[in-house]
Structures are given as C-alpha cells and as structure tokens.
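Me: I have a chain open and want a quick tour. Can you walk me through it?

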Amino acid sequence: MSRRILHCFADTGVEAEPLSAYGDVVRIGLDPRDSNASQPVQADATTLPIADDVTFDLGLFHPPCTRWSDMPSARVDEAPDLIPAAREIATRHCEEWIIENKPRAPLRDPIRLKGDMFGLPIEYERAFETSFHVEQPTIHMTLGTECSTYYYSDRSAEWWHSVKGVSGDYPKQRLAKSGTPAPYVHYLARAWLRATVDRDDARSTSGEMHA
C-alpha cells in the first residue's frame with residue numbers, strides 16, 4: 001500500500017517532486033500549480049477540507065515565513081504566525097510530520113540545514129521541526145556560496161533547477177526564493193523512514209510480548 005503524504009501551504013509545490021518518491025502527495029495551496037508529482041487541492045490549509053478521520057503517513061508544512069524574515073522590506077508585524085496552525089493540522093492528520101521555516105522562527109527543537117552541508121553552492125539555511133529524530137548534520141564539503149541571496153543574480157532557471165535538484169516547470173523566482181532543495185527533503189525523508197521502521201519494530205515486539 002502506497003504511503004500518503006500531506007503537503008500544506010504549498011502553492012508552487014517544489015518539494016512535492018522529491019516527496020513523490022516516498023508516496024502519494026496531496027498538496028494544499030491557495031493557488032496550487034498543476035503538477036505531475038502531486039494531487040493539488042485549492043484550499044486554505046488553516047480550514048483544511050479533510051475529514052477528521054483521514055490520516056497521512058507524513059506531513060510537510062511550509063507556514064508563511066514573512067513574520068520571521070530578516071529582509072528589511074518584509075512587513076513582519078502584519079504577517080500572521082501560522083506555525084501553531086500547522087502543528088495542529090499535523091497532530092490531527094499525520095502520523096509523523098515536518099514543519100519548515102526560517103531559522104529564527106519559533107519552532108520546537110529544530111534542526112538546521114544549509115547548502116554547504118550537501119555540497120550545494122548556495123547558503124539557503126532553513127529550520128525544520130520534526131516529530132521524529134533527525135541527526136543535525138555537519139558541513140561535509142563546500143563548493144562556495146556563488147549565490148547566497150535567492151534570485152538576485154544572473155543565474156539561469158536551469159542553474160536553479162540543478163542546484164535545487166528538481167526538473168519541474170517552476171517559475172525561476174519561486175524556485176530560487178522558496179523552493180526547498182531536494183537534498184534537504186531526501187535527508188529528512190530518510191530519517192522519517194528510519195523512524196518508521198523503528199516504530200513498527202517496537203509495535204511488533206510489544207504485540208508479541210502481549211500475545
């Protein structure tokens with residue numbers, strides 16, 4: 001039986017492409033783009049149109065990060081904090097989950113991932129709250145930070161596709177600014193798979209002890 005993955009606050013849905021390697025992805029967004037990697041549903045994630053008894057094996061959430069932005073032009077005071085809403089959806093509908101945001105966001109015991117941890121020529125630091133254990137990686141190699149500030153460069157869309165590790169037809173600006181690199185997604189997904197195996201083994205052992 002294929003795993004079911006919930007992807008919320010995901011209009012562009014860059015992450016759905018690597019996520020689709022692990023199961024069937026249902027993607028919720030206010031204006032979700034069509035994608036071969038996921039089933040897009042146009043809806044406000046905070047009023048999720050999913051019955052209470054529907055559950056997913058994994059949830060990946062991207063609540064808006066404007067409130068935690070360090071960009072001078074960001075209207076941080078007016079931006080909502082939807083991290084608690086993401087956490088509520090996750091605990092209600094997901095066996096395990098990941099909540100992604102800026103490093104300064106109030107996530108619970110997050111790990112931080114950066115491009116140089118995966119040999120990528122970008123900084124793109126992001127924080128991830130997870131319901132399962134994920135090792136905080138160290139820097140393994142560095143290829144330099146050729147472009148550390150989103151899309152403010154002459155880098156081509158092909159360059160950004162290569163760096164982010166995806167092939168879908170995403171707008172360059174969205175891909176560069178808010179697309180989580182595929183190596184980050186795969187790193188987290190592998191930790192989730194390990195946690196799932198450990199959990200299932202523990203349940204099996206418990207069942208044998210009570211048989």
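Me: In what order do the elements of the chain run from the N terminus on?
Reply: The order is β-α-β-β-β-α-β-β-β-α-α-α. The chain has 5 helices and 7 strands. Helices (H or I, at least four residues) and strands (E, at least two) are DSSP runs, numbered from the N terminus.

Me: What kind of model is it, and what do the numbers rest on?
Reply: This is a predicted model: local features need pLDDT of at least 70, side-chain atom pairs count only at pLDDT 80 or more, and totals for chains, interfaces and linings use all residues. Residues are numbered from 1 along each chain as its sequence is written, and side-chain values use heavy atoms, with hydrogens and water left out.

Me: How much of the chain is buried?
Reply: Of its 211 residues, 45% count as buried. Buried means under 20% relative accessible area, exposed over 50%, partly exposed in between (1.4 Å probe, protein chains only).

Me: What about the largest nonpolar core?
Reply: That core has 35 residues, and L113 and F132 have the most contacts inside it. A nonpolar core is a set of buried Ala, Val, Leu, Ile, Met, Phe, Trp, Tyr and Cys residues joined through side-chain atoms within 4.5 Å.

Me: Which elements supply at least two residues each?
Reply: α1 (16-19), β4 (56-61), β6 (111-113), α3 (157-164), α4 (172-178) and α5 (182-210). α5 gives the most to this core, with 9 residues.

Me: And what does L113 touch?
Reply: Not counting residues up to four places away in sequence, L113 touches F118, Y124, E125, R126, F128, P137, Y184, Y187 and L188. Contact means heavy atoms within 4.5 Å.

Me: What other core lies apart from the largest one?
Reply: A core of 23 residues, among them A45, W68, I89 and C94.

Me: I89 is in α2, then. Which residues of that helix are buried?
Reply: In α2 (residues 83-93), they are I83, A86, R87, I89, A90 and H93. They sit on the same side of α2, because they cover an arc of only 165 degrees around the axis. The arc is that of the directions from the helix axis to the C-beta atoms.

Me: What covers them?
Reply: The cover includes β1 (4-8), β4, β5 (94-101) and β7 (126-130).

Me: Switching to cysteines. How many disulfides are there?
Reply: A search of the whole structure finds 0. A disulfide is a pair of cysteine sulfur atoms within 2.5 Å.

Me: Is C8 buried or exposed?
Reply: C8 is buried, with a relative accessible area of 0%. C65 is partly exposed, at 29%.

Me: Back to helices. Which residues of α3 are buried?
Reply: W159, W160, H161, V163 and K164 are buried there. G165 follows α3, and its phi is positive, near 75 degrees.

Me: Why does H161 count as buried?
Reply: Because its relative accessibility is 15%.

Me: What does H161 touch?
Reply: Leaving out residues up to four places away in sequence, H161 touches V166, S167, G168, Y170 and L175. A polar atom of the H161 side chain lies 2.5 Å from the backbone oxygen of G168.

Me: Where is K172 relative to H161?
Reply: The two are 11 residues apart along the chain, and their C-alpha atoms are separated by 8.4 Å.

Technical notes. A polar contact is a pair of N or O atoms within 3.5 Å; within protein, one must be able to donate a hydrogen and the other to accept it, and residues adjacent in sequence count only if both atoms are side-chain atoms.
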